Amino acid sequence: MDRRALIAGAAALTLSTPACAAYPPGLPPLKSVSTYPLGVAVRHLHLSDPDWARLAVTNFSQLTAEWEMKMEYMLRDDGSLQFDRADALAAFARTYGMKVHGHTLVWYAQDGLHFQKLKGTPDAFLNAYVAYIQKVTGRYGGIVRGWDVVNEPIWNDGRGLRPCLWREVLGDDYIGLAFEAAHQADPAAVLFLNDYNLELTPAKRTTFLKLCERLLKEGAPLHGIGTQAHISADLNPAAMIVAIRDIASLGLQVHISELDISLRGDRLTNVVKPRLDQLKVFEAVIRAYNDVPARQRYGLTVWSLRDKDSWLNSKRERKGPIADAPVLFDDRGRPKAMAERFVEMVR
Ligand code: XIL
């Protein structure tokens, strides 16, 4: 099986990559052993990096844009749309037979001048809101298999919905409206509500799941739950098991949508945790996902290919002099213990 998988992985590659570190023999491409789509986050600059491309195409079957499909990039101040980078990503995915997950249509953290200007005219605001969602989802119909329709709607402590421009103008129903609009534009897309700390903060999970239940009751086309899983090596592994079980209990699709496991127990204090803890937490993630019924497993996405690509090592997020190492491949593209464990555990 290993040899067949290796050949299949190699056959998929038409990239000329002389400078690329050799992929170690013996470890099959991760996607060849995975029973569900295995995703990786991508930035525009990666598409022209042959080392990135070879490693990603070999091991992953799905892409999520880290930034280029967010409103901050897609929507210009004058209300026009900028699709060039998302199109390039879609073309790359088509060339290499990869799926695309859409991230994200509506996010409290990004609104943009176009919408801020419409704040005083709710009707025009609503029209622009629906139009934005429909233009984006419509354009990628048949290409993007699922969308994070609303990202991070819940306060971190679980006290309720976050304030945001969308909610200020449209009320709490900004979420249901977004799902309706996306569904109309692409009825085949799997539509997700996506959030973080659902494992770390049970109160947040409770509020989040209540919101999902309310949306379903109201008839919203909510098809899946994305749990970002930006976690740390000091997370109690049992918390992950409980969270995924809870999330899956609604019967919706489950996407582990942005997995990374920081070695900083607490990113503010910059305490570096042993890699052994990281591996234990990773095992819990895979075990928990193995227990989700196969029909509900939309996929697992890792938030960056190599450690050096991780947002946790970006200027904005990086805390202190020591680089974090939160993902499955090291800076040189060599699989780490987590990648090997994935191959052993996935079923
Ligand atoms: C991050 C990206 O990784 C960065 O490159 C970007 O500059 C900011 O956003 N939750 C999310 C993601 O839903 O969109 C965030 O991605 C990480 C946290």
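**Entry 1: Q228**

I began with Q228, which I found in the loop between strand 6 (224-227) and strand 7 (230-232). Helices (H or I, at least four residues) and strands (E, at least two) are DSSP runs, numbered from the N terminus. I noted that the model is predicted, that local features need pLDDT of at least 70, that side-chain atom pairs count only at pLDDT 80 or more, and that totals for chains, interfaces and linings use all residues. Residues are numbered from 1 along each chain as its sequence is written, and side-chain values use heavy atoms, with hydrogens and water left out.

Is Q228 buried or exposed? I recorded a relative accessible area of 1%, so Q228 is buried. Buried means under 20% relative accessible area, exposed over 50%, and partly exposed in between (1.4 Å probe, protein chains only).

I then listed the contacts of Q228, where contact means heavy atoms within 4.5 Å. Not counting residues up to four places away in sequence, Q228 touches N151, E152, N194, D195, Y196, S257, E258 and L259. With the side chain of N151, the side chain of Q228 makes a polar contact of 3.2 Å. With the side chain of E152, the side chain of Q228 makes another, at 3.0 Å. A polar contact is a pair of N or O atoms within 3.5 Å; within protein, one must be able to donate a hydrogen and the other to accept it, and residues adjacent in sequence count only if both atoms are side-chain atoms.

**Entry 2: the ligand**

Which residues surround the ligand? I listed E66, K70, H103, W107, N151, E152, Q228, H230, E258, W303 and W311. A residue is near a molecule or strand if one of its heavy atoms lies within 4 Å of it. I sorted this shell into 3 nonpolar, 4 polar and 4 charged residues. Ala, Val, Leu, Ile, Met, Phe, Trp, Tyr, Cys and Pro count as nonpolar, Asp, Glu, Lys and Arg as charged, and the others, Gly among them, as polar.

For a polar side-chain atom of N151 the value is 2.9 Å, and for one of W303 it is 2.9 Å. The ligand on its own has 410 Å² of accessible area, of which the protein covers 84%. Accessible areas come from the Shrake-Rupley method with a 1.4 Å probe; for residues, only the protein chains shown count as cover.

**Entry 3: backbone angles**

I first wrote down the general rule: most residues other than glycine have a negative phi, and most peptide bonds are trans. E152 has a positive phi, near 55°. I placed E152 in the loop between strand 4 (144-151) and helix 8 (165-170). E152 counts as buried because its relative accessibility is 8%.

S304 also is not a glycine, and its phi is positive at about 120°. S304 lies in the loop between strand 9 (297-302) and helix 13 (337-345), and it counts as buried at 1% relative accessibility. A polar atom of the S304 side chain lies 3.5 Å from the backbone nitrogen of S310. Leaving aside neighbours within four places in sequence, the contacts of S304 include E66 and W311.

Where is the cis peptide bond? I found that it joins H103 and T104, with omega about -5°. T104 is found in strand 3 (residues 99-107).

**Entry 4: M71**

I located M71 in helix 4 (residues 71-74) and recorded it as buried, at 4% relative accessibility. M71 and V106 are 35 residues apart in sequence, and their C-alpha atoms are 7.6 Å apart in space. Beyond four places in sequence, M71 touches T104, L105, Q110, D111, F115, Y132 and W166.
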